[in-house]
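Please go through this note with the model open beside you.

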Amino acid sequence: MTSMLSASIITPKLHVFGEPQLHTDGELTALTFAPDGSLWSMEEPGVLRHWNAQTGQQVGWQSLSDLETLWCFSGDARVLASASNDLTLWDVSSGQVLTALAQDSWVAAMAFHPDPAFLVAGHDDGVVRCWDLSAHHVLRTLRHHQMSISAVAFSGDGAKLAVASEDKTITLWDAKAGQLLGQLQGHTDRIPALAWHPSGQWLVSAGWDTTARVWDVATLQPAILLNTHGGQVTALAFSGDGQLLACADSNLAVHVWDFGSKKTLHVLKGPQSDVRTLGFNKDGSLLACNGDRLIHLWEPRTGRARTGTAPRTGARTSIAVS
């Protein structure tokens, strides 16, 4: 009697326990903390995600659109704007389109007014348009810059508007009257971001010339240069009380400044790609930024990493069962 041994390959079934914290499938284009402390993020190609910022776990997600190149949340995280050749408004909670507004030229920068019924769009032809979103019409058109707009930002009370251009200058405007208040000059390279101090007394501009510049709005002069950055400054954010300023640079670091003393508190490392968006939560206890398809989260006053700092290739625990 002949016996035979037969071999078979058993493919194990893999079960992974636990969800990765704050991981995304695409590069982030916008993020913001909601008043309830949760975190919203927008990523390429048009995926909106909702996160529990304390646990790092995803609450939900929706696919919106992969046609737009620019995204912006309102301050209350209830409305999301997207833009390219058109301007589209989305309800954040439902992911539904609220309205779409045709544009005369490509939108290069945009920002919500503190009242999310109003939004400003800066275009690649240098024109800035202020929209009344509820009435679907342009309140005023601002013409001064001859080159594309690179950044726009309203002051905390909505009274002033700052506009940066590819001509390396910044203009200040009376947002209600549409009157030019003055021009800020000094940057020697592109200005990708602007941030107002909550008091409205100072404006901070990020430059690809390795500096973040703090401007005295009353005198239109630079108050101080924050020049410890080793590369291009790419993103800015103030804490709600104005005590902390976060500046990201192309050295893949986020500098947290004590704004009163203009001293660096921490230099936070973690992102492995350029930081394009920064945000503090309401009480300033958390700071979030994008990086390598991951949301990085820190306690800015201590410099301690909370979530999102482990590399994507980190080991997992799993059980294989035949």
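1. Start at Trp215. The side chain of Trp215 makes a polar contact with the side chain of Ser205, at 2.8 Å. A polar contact is a pair of N or O atoms within 3.5 Å; within protein, one must be able to donate a hydrogen and the other to accept it, and residues adjacent in sequence count only if both atoms are side-chain atoms. Trp215 sits in strand β20. Strands (E, at least two residues) and helices (H or I, at least four) are DSSP runs, numbered from the N terminus. Trp215 counts as buried, at 1% relative accessibility. Buried means under 20% relative accessible area, exposed means over 50%, and partly exposed lies in between (1.4 Å probe, protein chains only). Gln201 is 14 residues away from Trp215 along the chain, and their C-alpha atoms are separated by 8.4 Å.

2. A word on the basis. This is a predicted model, where local features need pLDDT of at least 70 and side-chain atom pairs count only at pLDDT 80 or more, while totals for chains, interfaces and linings use all residues. Residues are numbered from 1 along each chain as its sequence is written, and side-chain values use heavy atoms, with hydrogens and water left out.

3. Now the whole protein. The secondary structure comes to zero helices and 30 strands. Of the 322 residues, 50% are buried. The protein exposes about 15200 Å², and carbon and sulfur atoms supply 50% of that area. Accessible areas come from the Shrake-Rupley method with a 1.4 Å probe; for residues, only the protein chains shown count as cover.

4. Look at β2 next. Six of its six residues are buried. β2 and β3 run antiparallel and are joined by five bridges. Two strands pair if DSSP finds at least two bridges between them. Ala30 stands opposite Met42 in β3. The hairpin of β2 and β3 has five residues between the strands, and Gly37 takes a positive phi near 95° there.

5. Which loop holds Thr24? Thr24 lies between β1 (13–16) and β2 (28–33). Its side chain reaches the backbone oxygen of Gly26 at 2.8 Å. Thr24 is buried, with a relative accessible area of 0%.

6. Check the backbone for exceptions. Most residues other than glycine have a negative phi, and most peptide bonds are trans. Glu44 and Pro45 are joined by a cis peptide bond, with omega about 0°. Pro45 lies in the loop between β3 (39–43) and β4 (47–51).

7. Ala77 has a positive phi near 60°. Ala77 belongs to the loop between β6 (70–73) and β7 (79–83). Leu220 has a positive phi near 65°. Leu220 is found in the loop between β20 (212–216) and β21 (221–226). Are these two buried or partly exposed? Ala77 counts as buried because its relative accessibility is 5%. Leu220 counts as partly exposed because its value is 23%.

8. Last, the cysteines. How many disulfides are there? The count comes to zero, where a disulfide is a pair of cysteine sulfur atoms within 2.5 Å. Cys72 is buried, with a relative accessible area of 14%. Cys289 counts as buried too, at 0%.
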